[in-house]
Amino acid sequence: MILLFVLSLYLTFGSVQNQGSSQDAFIIQYLERRLVQMEERLNQCEQNSLSITQKTYDLSSEIRSYQSTLGILRSEMESQMDSMSARVDRVEGELEYLENKIPTQSDIEMEEALLEQQIKAAELEQIKTKAKLNVDNDCSTALRQIKSLKIVKKSGDPNGSWFKDPSEGSAKVYLLSGMRNDTVLEFSSLENFTKTSSSPAKVVRLPFFWSGTGHVVYNGFLYYHKADTPNQILKVDLLNGTVVDSTLLPGAGRLPVYSLNPNTFLDMAVDELGLWVIHADPEYGGNLVITKLEIGTLSVEYTWDTQCRSRDAEGAFLMCGTLYVVYNTHFGGRSTIQCLYDIHDTIHSNESPVMFFPKRYTSHSSIHYHPGDKQLYAWDDGYQTVYKVETRSSDKTVAE
Ligand SMILES: *[C@@H]1O[C@H](CO)[C@@H](O)[C@H](O)[C@H]1NC(C)=O
Ligand SMILES: *[C@@H]1O[C@H](CO)[C@@H](O)[C@H](O)[C@H]1NC(C)=O
Ligand SMILES: *[C@@H]1O[C@H](CO)[C@@H](O)[C@H](O)[C@H]1NC(C)=O
Ligand SMILES: *[C@@H]1O[C@H](CO)[C@@H](O)[C@H](O)[C@H]1NC(C)=O
């Protein structure tokens with residue numbers, strides 16, 4: 001617009017100049033100068049706009065290239081995301097598979113909790129039983145040493161058992177020769193038993209064979225392991241040989257009680273507290289387990305796992321609820337007590353020194369403690385022997 005206006009002015013004044021006026025010529029010169037100046041500025045403007053256009057173009061092409069780079073990056077990112085999510089999917093799948101194959105953590109924890117609960121309950125039960133036994137029996141005898149040995153007789157097989165009925169007032173002696181038989185010899189007294197000439201007062205035929213050497217007699221009843229059963233205990237009235245009770249001892253009978261006496265699977269014992277059964281438990285590392293039986297009904301009162309091993313053991317006995325385990329070697333040697341287990345937890349193996357039997361090469365097939373006599377009745381390779389023992393007070397405190 002401005003350009004057109006200036007041009008028309010120029011044309012107008014040009015026609016006036018032709019009419020010849022110096023003043024007009026000056027004006028025209030002035031206008032021409034201005035025109036040139038404006039043209040220059042116009043040029044400048046054009047160039048500026050050109051360069052701006054160029055710059056704009058450059059910028060936009062730059063942006064476009066950025067955009068395309070961004071696009072590439074984005075698609076790269078997307079493909080990476082895809083592969084990542086595929087990998088996540090695969091890992092999830094694998095996890096699911098594994099979870100289906102193994103029990104979940106929460107299941108295991110539950111089982112552990114259950115186990116813990118059961119252990120706690122058992123411990124509580126054990127404490128209760130201990131307390132009850134403590135209150136019921138003021139028994140504080142502990143073994144100090146094996147004092148002396150007396151060989152009473154030689155009779156029967158190399159293996160067998162003999163003992164006195166430990167019930168009060170009874171002097172009767174019983175002999176069960178061999179690992180398996182149904183004949184029990186009864187003697188009226190130790191004196192009569194010792195006399196080599198004297199024949200037994202009575203020969204009792206049992207209704208079933210016995211097995212091993214772990215029998216006991218208490219108050220005229222024989223308690224024994226019935227042959228050809230893993231863990232059946234019979235209680236037989238020796239007056240007429242009838243079975244008055246029987247029980248199956250849970251978990252027992254899978255291992256010999258003592259590795260040196262491989263034919264005895266249940267070893268019974270009587271002490272001041274009553275009737276016990278000793279056996280070895282394969283699920284407990286072959287260690288000895290002791291079970292207190294109610295002497296009348298044969299019901300299980302309680303079971304204790306001991307830390308005493310069955311390996312190299314040849315026998316054991318109980319005294320006031322403490323198990324004393326006798327060890328030896330395969331070749332026969334000097335027997336020693338090397339492990340004890342106190343159900344009251346007042347006497348400990350590590351506090352008691354090893355106790356030696358009198359110097360003699362022995363091989364015990366059975367050892368029975370008599371709480372009244374404070375003597376051990378043992379079967380030593382066909383010899384019937386008696387050990388006198390020295391006791392001390394174990395200073396047991398009555399349970400809390
Ligand atoms: C059982 O013992 C008696 C006497 O001790 C003996 O005569 C008999 O042979 C034994 N029976 C068996 C099967 O060992
Ligand atoms: C020994 O046996 C005889 C005959 O069997 C008997 O008369 C005597 O009383 C017995 N001795 C003892 C101490 O029991
Ligand atoms: C065996 O002796 C006991 C006690 O004397 C008696 O109660 C029981 O009835 C007797 N059994 C048989 C079968 O004779
Ligand atoms: C006696 O027991 C031992 C194992 O303690 C065994 O080797 C031996 O054969 C047994 N003897 C008899 C006659 O049963």
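Let me begin with ligand 2, which in this predicted model is surrounded by Ser188, Ser189, Glu191, Asn192 and Ala201. If we sort the shell around ligand 2 by class, we find that it divides into 1 nonpolar, 3 polar and 1 charged residue.

I would like to set beside that the shell of ligand 1, where the surrounding residues are Ser177, Gly178, Asn181 and Thr183. Here the classes come out as 4 polar residues, with no nonpolar and no charged ones in the shell around ligand 1.

Now let me step back to the protein as a whole, which has 4 helices and 20 strands. Of its 400 residues, 30% count as buried. As for how the chain meets itself, if we take the contacts between residues at least 6 apart in sequence, then 51% of these join residues that are at least 24 apart.

Which way do strand 18 and strand 19 pair, in the parallel or the antiparallel sense? They pair in the antiparallel sense, over 6 bridges, with strand 19 covering residues 375–380. One detail you can look up in the structure above is His370, whose bridge partner in strand 19 is Gln375. The two strands form a hairpin with 4 residues between them, and in this hairpin Lys374 takes a positive phi near 55°.

How values were computed. Residues are numbered from 1 along each chain as its sequence is written. Chains are lettered from A and ligands numbered from 1 in the order in which they are written. This is a predicted model: local features need pLDDT of at least 70, side-chain atom pairs count only at pLDDT 80 or more; totals for chains, interfaces and linings use all residues. A residue is near a molecule or strand if its C-beta atom, placed from the backbone, lies within 6 Å of it. Ala, Val, Leu, Ile, Met, Phe, Trp, Tyr, Cys and Pro count as nonpolar, Asp, Glu, Lys and Arg as charged, and the others, Gly among them, as polar. A residue is buried if 20 or more other C-beta atoms lie within 10 Å of its own, exposed if 12 or fewer, and partly exposed in between; C-beta atoms are placed from the backbone. Two residues are in contact if their C-beta atoms, placed from the backbone, lie within 7 Å. Two strands pair if DSSP finds at least two bridges between them.
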